[in-house]
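Please open the structure in your viewer and keep the selection tool at hand.

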Amino acid sequence: MIVEPFLIHVDEEVLIDLRRRIRATRWPPPAPGPAWGQGTDLEYLKSLLAAWSDGFDWRAEERRINDVHQFRASVDGVEVHFVHERAAEGSGIPLMLLHGWPSSFVELLPLVPLLTHPREHDIDGPAFDVVIPSLPGYGFSERPQRSNYRDIAGLMHALMRGLGYKQFGAGGGDFGAGIATVMALDHPSSTLGVHLSNLELDPHIDNGSRSLSDAEREYLTQRDLWDRDERGYSATQSTKPQTLAYALNDSPAGLAAWIVEKWRSWTDSDGDLDRHLPRELLLTMLTIYWATGTIATSMRDYYDNRWDGISIGPETFVTVPTGIANFARQFVFEGRPPREWAERLYTVRRWTEMPSGGHFAAAEEPRLLAADIAAFFADL
């Protein structure tokens, strides 16, 4: 595997065109009823796009990202972009961290100094060699024709082995949690441990399974309510993603509205995203999606995993030690899974009920997440 250094540079023409498109946005009328009740709020989006076109300094963010060591490598014929930062002292524990949708590798960057320099940041635990890839089809990584959890897990395992790591940890959230899980299922001898900030894959439940606890039934009831009210995006992306992609790939306003609504709903923000996360983070991710034209390929995760995904059977079980940081507000509802639900699929060695934070934990609560990762691997 040939690994080459990589620096991000978006052509100025792309940025000029982006600003022109933002300023030419044809706005719809506001939705009746309360703000955000029928989707992204018009006034919020106008404010966000005004900042994107006139106040946001992409070049400063580009330089900041380029301060970390980035690379590209051809892994089984797929060009994969990744961050690779080694422990400040000694031999770090190799750890791959994986993002999900609608996110990017930049969500995980706040963890890098905390895990590579834990002493400097009062993190009690070992130091890590941190590898953060852009998932195939996101940002600066190519996407093959088909790419489900198992396909990506194989690519990520090959990347780590190509970097010289025979054993390593894996972790993440959203799709990243699913990929890390399959890495542990398919390559248990290579996977030291798995640390998840949310649960992506459900255990197999049938008449032969042990009865659901009261907490499990309540969790599934709350999740069903969320599916009823909030999962429209998933139905579209898992059936007709290409149709939606034409609009999102052509309109900065459409792209921002589609992504930011999820960040507001899935974080522990109490509806006020600007107080919870810096706009620079959101605009950086939006710019990466826009400049690379990868919203279409990122959404195909939903299609591929629905129609050509993996099967969780009654014998499927992760024997690799697993740590789970159970964050307080995964989505717009309060319910979070109980430990016994996770123990149907995982060998849970560490379970932490986090006091705050949501679906994008690395961006929302990086210190809490880094400390839990360090404590989990220190105990192995």
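What follows is a sequence of selections, each with a note on what is found there.

This is a predicted model, in which local features need pLDDT of at least 70 and side-chain atom pairs count only at pLDDT 80 or more, while totals for chains, interfaces and linings use all residues. Residues are numbered from 1 along each chain as its sequence is written, and side-chain values use heavy atoms, with hydrogens and water left out.

**The whole protein**

Along the principal axes, the C-alpha atoms fill a box of roughly 55 × 50 × 40 Å.

Of the 380 residues, 57% are buried, meaning under 20% relative accessible area with a 1.4 Å probe and protein chains only. Among contacts (heavy atoms within 4.5 Å) with a separation of 6 or more, 79% are between residues 24 or more positions apart.

**The largest pocket**

Rolling a probe the size of a water molecule over the atoms shows where empty space is left. On a 1 Å grid over the protein atoms alone, a pocket is an open set of points with protein on both sides within 12 Å along at least five of seven lines, whereas a cavity is a set where a 1.4 Å probe fits but cannot get out; lining residues have an atom within 4 Å of a point. Grid points are joined across faces, edges and corners, and a volume is the space filled by probe spheres set on the points.

The largest pocket has a volume of about 870 Å³. Select Tyr 149, Glu 200, Leu 201, Asp 202 and Arg 231, which are the closest to its centre of the 31 lining residues. Next, colour helix 7 (214-230), helix 8 (232-237) and helix 13 (295-307), each of which supplies at least two lining residues. By class, this lining has 14 nonpolar, nine polar and eight charged residues. Ala, Val, Leu, Ile, Met, Phe, Trp, Tyr, Cys and Pro count as nonpolar, Asp, Glu, Lys and Arg as charged, and the others, Gly among them, as polar.

**The second largest pocket**

This pocket has a volume of about 480 Å³. Select Pro 28, Gly 39, Thr 40, Asp 41 and Leu 42, the closest to its centre of 26 lining residues. Which helix gives the most to this lining? Helix 10 does, with five residues; its range is 252-266.

**The cavities**

Two cavities of 30 Å³ or more are counted. The largest cavity has a volume of about 160 Å³. Select Leu 98, Leu 108, Gly 172, Gly 173 and Ser 197, the closest to its centre of 23 lining residues. Strand 4 (93-98), strand 6 (168-172) and strand 7 (191-196) are among the elements that give two or more residues to this lining.

Finally, select Leu 15, Leu 18, Arg 19, Trp 52, Phe 56, Trp 58 and Thr 287, which line the second largest cavity. About 40 Å³ of space lies there, and helix 1 (residues 12-23) gives the most to the lining, with three residues.

Technical notes. Helix = DSSP H or I, 4+ residues; strand = E, 2+ residues; numbered from the N terminus. Buried < 20%, exposed > 50% of the residue type's maximum accessible area, 1.4 Å probe, protein only.
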